[in-house]
Amino acid sequence: MRLENKVALVTGGAKGIGMEIALKFAKEGAKVIAADMSALSYQNDNVEGVILNVADNNQCKEVFDYIIEKYNRIDILVNNAGITRDGLTAKMTDEMWDMVIDVNLKGVFNLTRYVGPQMSKNNYGSIINVSSVVGVFGNIGQANYAATKAGVLGLTKTWAKEFARKGENVRVNAIAPGYVMTDILKTVPQDLLDEFARMTMLKRLGEPEEIANVVLFLASDESSYITGQTINANGGMRL
Ligand SMILES: NC(=O)c1ccc[n+]([C@@H]2O[C@H](COP(=O)([O-])OP(=O)(O)OC[C@H]3O[C@@H](n4cnc5c(N)ncnc54)[C@H](O)[C@@H]3O)[C@@H](O)[C@H]2O)c1
């Protein structure tokens, strides 16, 4: 049990990669709060679903207060909730730009501004931000998404410094997954997915569990001397 008695908050934990993370954490002994716009698509005694729009700061504060009241602390935060609204820059509307920034970037800031300082106070915590291969290399038609996922890497390094200012045992890392078959890829044509698979050294897309395994490592004390880093879990992909 690598997360015994830990309290973990996973955003976007209702399905996809977030669901795999929540279930893996629960199996390793954590009490998991899966915060999502939608209700959970599964049931597990150690995973509690709460409805949250991470883009709404007031809701984030309410969920934070609720968890502290009920569980006393948050040991692990996984900022996983994310969306895409793809389009070439010339055709990208303000709405497409704002929506993605609000969820993928502001949403990460909204929760972490409460959770991070609480971890510093407790002298314990691990924050994992879910970035993307697109934030590392960029991608045609994803200016908004790439900006948020690159932005999250800046936040990761900043918070690794800020929340451990006095040497507190608070670590902040990022994972940059390659393409993983979940609903977020629903609008991507199959020929493009095939091309993405060919662009990896392993010649395939990733599985949600392969991402969750890395997040578990970063959440657990097995990674106790790793902070401010990004792990690229992309099968050896270059865009
Ligand atoms: N699947 C991939 O290929 C891939 C690759 C790189 C990075 N990622 C990142 O991984 C993360 C998880 O994506 P996924 O593939 O599981 O997608 P998904 O669409 O299957 O799941 C995303 C979850 O986030 C939730 N969500 C969306 N907006 C929200 C909001 N405002 N507040 C709270 N929850 C919200 C959704 O309801 C959903 O449950 C995202 O940040 C995504 O950008 C995915």
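I take helices (H or I, at least four residues) and strands (E, at least two) as DSSP runs, numbered from the N terminus. On that basis I place K31 in strand β2. I am working with a predicted model, in which local features need pLDDT of at least 70, side-chain atom pairs count only at pLDDT 80 or more, and totals for chains, interfaces and linings use all residues. My residue numbers start from 1 along each chain as its sequence is written.

**Entry: K31**

My cut-offs count other C-beta atoms, placed from the backbone, within 10 Å of a residue's own: 20 or more is buried, 12 or fewer is exposed, and in between is partly exposed. I then looked up its contacts, meaning residue pairs whose C-beta atoms, placed from the backbone, lie within 7 Å. Leaving aside neighbours within four places in sequence, K31 is in contact with V7, N46 and Y71. I checked Y71 along the chain too. K31 and Y71 are 40 residues apart in sequence, and their C-alpha atoms are 8.9 Å apart in space.

**Entry: strand β1**

I moved to β1, residues 7-11. Five of its five residues are buried, so I note the strand as mostly covered. V7, L9 and T11 point one way, A8 and V10 point the other way, and all are buried.

Which strands does β1 pair with? I call two strands paired if DSSP finds at least two bridges between them. Five bridges join β1 to β2 (residues 31-36), and the two run parallel. Here A8 has V32 of β2 as its bridge partner. β1 also pairs with β4 (residues 76-79), again in the parallel sense, over three bridges. L9 stands opposite L77 in β4.

A crossover is right-handed if, with the strands pointing away from the viewer, the path from the first strand over the helix to the second runs clockwise. β1, α1 and β2 form a right-handed β-α-β unit.

**Entry: strand β4**

I looked at both faces of β4, and both are covered. I76 and V78 lie on one side, L77 and N79 on the other, and all are buried. I76 is the bridge partner of A8 in β4. β4 pairs with β5 in the parallel sense over four bridges. In β5, the bridge partner of V78 is I128. The chain crosses from β4 through α3 to β5, and this β-α-β crossover is right-handed.

**Entry: the ligand shell**

How many residues surround the ligand? I find 29, and the closest are G12, G16, G82, T182 and I184. My test for near is a C-beta atom, placed from the backbone, within 6 Å of the molecule or strand. α1 (16-27) and α3 (94-122) each supply at least two residues of the shell. The largest share, three residues, comes from α1.

I sorted the shell by class. Ala, Val, Leu, Ile, Met, Phe, Trp, Tyr, Cys and Pro count as nonpolar, Asp, Glu, Lys and Arg as charged, and the others, Gly among them, as polar. The shell has 15 nonpolar, 11 polar and three charged residues.

**Entry: helix α5**

I checked the length of α5 (residues 143-162). The expected span is 1.5 Å times one less than the number of residues. For its 20 residues that should give 28 Å, and the end C-alpha atoms are 28 Å apart, which agrees. I listed its buried residues as N144, Y145, A146, T148, K149, V152, L155, T156 and W159. These pack against α3, β5, α4 (133-137), β6 (170-177) and β7 (230-233).

**Entry: Y179**

I found Y179 in the loop between β6 and α6. Y179 is buried because 25 other C-beta atoms lie within 10 Å. Not counting residues up to four places away in sequence, Y179 touches L185, L193, F196, L205 and G206. L205 is 26 residues from Y179 along the chain, yet their C-alpha atoms are separated by 5.6 Å.

**Entry: positive phi**

I noted N123, which has a positive phi of about 55° although it is not a glycine. N123 lies in the loop between α3 and β5 (125-130). With 12 other C-beta atoms within 10 Å, N123 is exposed.

I also noted K203, a residue other than glycine with a positive phi near 60°. K203 is in the loop between α6 (190-198) and α7 (208-219). K203 counts as exposed, with 10 C-beta neighbours inside 10 Å.

Note on methods: Two residues are in contact if their C-beta atoms, placed from the backbone, lie within 7 Å.
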